[in-house]
Amino acid sequence: MALGTQRSITLRLDNTAASAQRLRLFEAEASSATLQNRLPTKQRQVTLPQQAARIDVQLAETLRDGGESEMLVFLAPQPDLSTAHGMQDWRARGEFVYRALYENAERSQAPLRRWLEAQDVAYQSLWIANALLLRGDQQLLAALAQRADVAVLRANRLTSVEPHNVELSAVSGNCRINADNICWNIDAVAADRVWRYFGVQGEGVTVANLDSGVRFDHPALIEQYRGRKDDGSFDHNYHWFHARGDTLQPTDAGDHGSHTMGTMVARSDGSAEQPAVGVAPGARWIAARACNRTVCTEGDLMAGAQWLLAPTQLDGTAPRPDLRPHIVNNSWAVSNGGDTSYTGFVAAWRAAGMFPVFVSGNGGFDDGCSSVQSPGDYPNGPTVGALTAEGLLASFSAIGPSLDGQLKPDLTAPGERVVSTFASGTQPSFGSLSGTSMAAPHVAGTVALLWSANPQLIGNYERTYAALTASADPRTGDSRFVGNTFAQCTTETVPNNVYGYGALNAYAAVAEARVDIPWLRVTTANLAEVAVGASISTTIEIDARRVPGPGQYRARLLVHTNDLAQAPLEIPVQITVPSDPTHADVSGRVTSASNGVGLAATISVTNGPTLQSDSSGAFALTLPATSTSYTVTAHAQSYAATSKSLMVSSGISTTLDFELRLDLPQIQASTEPLSATLDFAETEELSLQLSNVGTQPLSYTLSFTPTSYQVLRSDEGAVASEWIAPPADAREVALSDDGTSPLTPLGFTFAFYNDSYEAIHIGANGVLSFRAPLQTPTYVSSCFPLPETSGGAIVPLRVDLNPTVEGSRITYATIARGFLVTYEQVPLFADTTQRFDFQALLGRDGTIKFNYRTIGAMRPDEQAVTGLQRASQDVFSLGCRNTARLSSGLSIMLQPQISSALWLELPQPSGTVAPGAQITVPVRLSWVPTKTGDVLRATITISSNDTTKPLLAVPVELRTRIAPYRLWMVIAS
């Protein structure tokens with residue numbers, strides 16, 4: 001066929017079977033994998049653990065009688081990872097999740113790390129869950145429990161990887177090899193049919209296990225190890241992790257990890273001695289060793305999970321989230337369900353696009369339903385139960401539902417007497433194991449086949465899960481699951497809590513996901529039923545416009561009945577596109593408009609070929625000369641597609657370059673105050689204009705924090721900047737470092753929220769607290785709520801100060817305007833060269849004014865806090881860390897007002913704005929009674945997915961006129 005031409009071919013299919021057939025057509029790659037051509041040659045909102053008390057009971061009991069123990073210290077702050085789920089670019093998605101988790105941990109752990117270092121306590125940072133792993137005694141535990149930044153203290157518990165049964169020398173009997181030397185379990189999930197008919201073996205996909213390690217030099221695994229270089233040497237950096245750091249190359253503490261890896265990717269040499277035991281032998285593997293022969297610790301599992309999210313060099317440096325595996329098999333479980341210890345890192349994996357697979361556990365079903373173990377009871381990964389060779393659920397396989405009522409398991413796969421690669425002994429071998437640990441790797445390997453067959457599925461959990469479950473072979477009617485004991489886990493419906501959606505079928509799953517050959521089109525994929533002896537015809541389109549230049553192109557058509565278990569009719573398709581001197585060669589480069597860096601991009605020609613540029617953005621294709629122009633479009637992940645019109649001339653080479661802009665939403669909104677003046681009982685709906693001048697839909701959310709105070713700042717012209725000189729009779733407060741004064745009389749009754757006070761405590765670190773004395777003996781770096789008190793407090797500037805240093809002075813005085821507390825030349829504890837002058841004036845009218853004469857330099861991790869606290873769960877923060885916006889010469893007035901919740905309403909608080917569009921968002925204000933001349937103020941925060949301006953603040957002002965009448969009630973005595 002000439003380049004640029006099309007041809008229709010009529011395909012007639014005769015039904016010579018003994019019954020009517022409904023036919024289906026599939027496209028497939030040309031290669032048909034066999035055991036022989038697969039021979040090796042010398043040559044791809046994280047949560048805290050939930051537990052009954054803040055201190056794990058097991059940890060407290062372990063340390064009660066003395067000694068030391070490992071413990072996990074969790075901190076509460078967690079970044080929002082939701083943005084990652086919408087990202088398509090594998091590299092950018094992984095980098096986003098890694099940066100969000102790592103930087104969050106660096107910020108929030110800094111004070112605790114400094115404290116631990118001062119106590120000479122060694123620790124390991126587990127940023128994937130914002131935790132620290134350390135060793136200590138009961139005294140350290142008690143001290144950690146006193147810290148406000150510590151959320152959960154947990155024992156470093158044990159988790160099992162022990163299989164249900166081990167048979168070291170049962171390959172020949174348990175493998176049950178067929179004529180092609182393929183073991184029964186691979187045949188049962190139809191993986192070999194994927195190799196044969198779709199020509200897919202997992203190429204381009206990287207799998208991993210979190211397990212007991214892998215023997216990398218096993219002959220069935222060595223070629224697929226990602227650390228093996230083309231020259232046959234090995235580089236283990238970024239491909240191997242050992243939580244205890246004992247080995248610098250992949251090894252197995254037993255056989256478990258090597259066995260599960262073999263089920264995913266082992267290659268056969270075509271012999272009975274090295275049979276086909278791996279589902280995706282074309283995939284590559286890496287491994288994280290977090291377990292010994294039979295058990296793992298939570299800390300080691302977390303460290304391994306962290307490395308898998310961002311693999312590092314052997315020394316733990318230079319993390320590369322772009323080298324994370326696509327799929328992670330988890331053949332381990334705790335002894336029961338409902339354990340949330342691992343929810344944090346599983347959520348991080350999912351956010352990064354990684355596909356986790358879990359086991360249901362070996363708890364069995366003797367006691368009825370809901371024996372599924374954690375993390376197999378989590379909702380964010382498929383859970384796999386174990387089947388016997390006869391297709392029944394194995395007696396040791398745990399069942400659902402989960403304790404919170406979720407369907408479990410999701411799928412079942414071979415798990416009894418499964419033969420795979422063994423590591424033990426002087427020579428690598430094969431052996432048989434039983435357990436749900438053996439079932440899960442079949443699903444992990446099938447995901448590798450799916451993603452290799454259809455790379456658009458990579459990172460798309462929902463579509464992948466749908467393909468796996470929709471194609472499973474349903475299992476019902478198991479008579480073992482009847483009666484009241486199994487009322488929640490009968491097998492009468494599909495899905496059910498015994499077999500899930502059914503038995504894994506890799507071939508049907510790949511057929512569900514489809515393979516697309518760009519120059520081959522099946523016009524009708526699902527054909528009508530064909531009677532016995534009848535024929536049916538369909539049209540096949542061959543399109544030589546869709547190839548990038550002259551050459552030979554091969555593919556196959558697979559003709560199936562509705563029973564995908566039957567072998568298809570294979571029809572080879574080949575086209576030859578000859579060269580022609582009139583052809584025009586087109587070459588170019590795709591770069592970023594912002595910095596000129598080359599981009600890996602997709603180049604598509606309207607009604608023509610689609611091809612990929614190389615990593616530098618370079619591409620080349622050949623087009624036939626025509627009298628009309630071509631439309632050529634370049635698209636790269638995270639960049640807006642750009643199209644150009646191209647005229648080509650006979651035999652002339654043409655250069656076509658593209659500069660792409662980032663493909664992002666971009667918000668525009670006026671931040672001028674919205675204001676209204678209302679009469680009695682009147683409401684008014686104001687309009688807030690939002691525009692999206694970007695190239696992607698803009699998602700936004702409007703919110704405001706109901707507050708009984710309005711903020712007037714001198715740097716915004718709303719209040720005068722001043723410094724009030726303490727009077728001559730001002731009394732000095734002698735405070736120790738981190739100390740606090742006794743109750744100090746104000747000299748009048750001060751209204752604070754709905755309460756009133758006549759005395760206050762003055763703290764060394766810039767906190768004025770009512771009623772409750774400061775409770776923390778030493779300073780704890782923290783944002784709101786305050787560690788010192790759960791009661792009311794006024795905070796002009798909370799930071800770690802040291803008023804014992806010479807030259808510093810803290811005073812108080814009752815003056816005509818109110819009660820004045822002044823901090824003068826008080827230095828930071830960590831840097832006495834940085835001095836501070838600030839004061840708080842508690843006005844007789846309930847107003848609060850903060851004046852800042854001198855603000856020394858502070859690092860963001862100093863966590864400087866400004867604002868008010870009514871109670872621990874009711875705070876009004878003006879800022880924490882570098883968000884406080886404090887500067888020398890600034891004054892801030894906090895003026896009591898009617899709570900904004902009573903007069904401000906957002907009827908449409910969220911929505912989407914299309915690219916290039918503008919919308920009007922209503923803001924409703926309502927009359928409330930105020931004094932004449934009073935202005936009520938609030939701030940609306942606009943949160944959006946515009947990464948350059950994720951937050952915008954819009955002030956709101958309300959003035960109200962006096963009611964037309966008042967009712968006076970006279971009470972007679």
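**Close-up views of a predicted chain**

The buried residues of helix α7 are H256, G257, S258, H259, T260, M261, G262, T263, M264 and V265; buried means under 20% relative accessible area, exposed over 50% and partly exposed in between, with a 1.4 Å probe and protein chains only. The model is predicted, so local features need pLDDT of at least 70 and side-chain atom pairs count only at pLDDT 80 or more, while totals for chains, interfaces and linings use all residues. Residues are numbered from 1 along each chain as its sequence is written, and side-chain values use heavy atoms, with hydrogens and water left out.

**View 1. Helix α7 is largely enclosed by the rest of the structure.** Of the 10 residues in α7 (residues 256-265), 10 are buried. Helices (H or I, at least four residues) and strands (E, at least two) are DSSP runs, numbered from the N terminus. The cover over the buried residues of α7 includes strands β9 (206-211), β11 (284-289), β13 (327-330), β17 (418-422) and β18 (429-434), together with helix α10 (436-453).

View 2. In α3 (residues 138-145), L140, L141, L144 and A145 are buried. An α-helix has 3.6 residues a turn, so residues three or four places apart point the same way. Among the elements covering the buried residues of α3 are α1 (57-64), β3 (69-74), α2 (90-118), β5 (131-136) and β6 (152-155), where contact means heavy atoms within 4.5 Å. At the start of α3, the backbone nitrogen of Q139 has a side-chain oxygen of D137 within 3.2 Å. A polar contact is a pair of N or O atoms within 3.5 Å; within protein, one must be able to donate a hydrogen and the other to accept it, and residues adjacent in sequence count only if both atoms are side-chain atoms.

**View 3. Y709 and F752 form a tilted aromatic pair.** The structure holds 34 aromatic pairs. In this one, the ring centres of Y709 and F752 are 6.3 Å apart and the planes stand at 40 degrees, so the pair is tilted. Rings of Phe, Tyr and Trp (its six-membered ring) pair if their centres lie within 6.5 Å; planes under 30 degrees apart count as stacked, over 60 as edge-to-face and the rest as tilted. The pair links distant parts of the chain, with Y709 in strand β36 (residues 709-713) and F752 in strand β38 (residues 744-752), 43 residues apart. Both residues, Y709 and F752, are buried. One aromatic cluster is formed by Y709, F750, F752, Y753, Y757 and F770.

**View 4. R193 lies over the face of Y507.** The distance from R193 to the ring centre of Y507 is 4.1 Å. A charge sits over a ring if NZ of Lys or CZ of Arg is within 6 Å of the ring centre and within 35 degrees of the ring normal. The charged end of K644 sits over the ring of F658, 5.2 Å from the centre.

**View 5. D946 is a buried loop residue.** D946 is placed between β52 (935-944) and β53 (951-960), and its relative accessible area is 1%. The D946 side chain reaches the backbone nitrogen of I667 at 2.8 Å. Leaving aside neighbours within four places in sequence, D946 is in contact with P665, Q666, I667 and L698.
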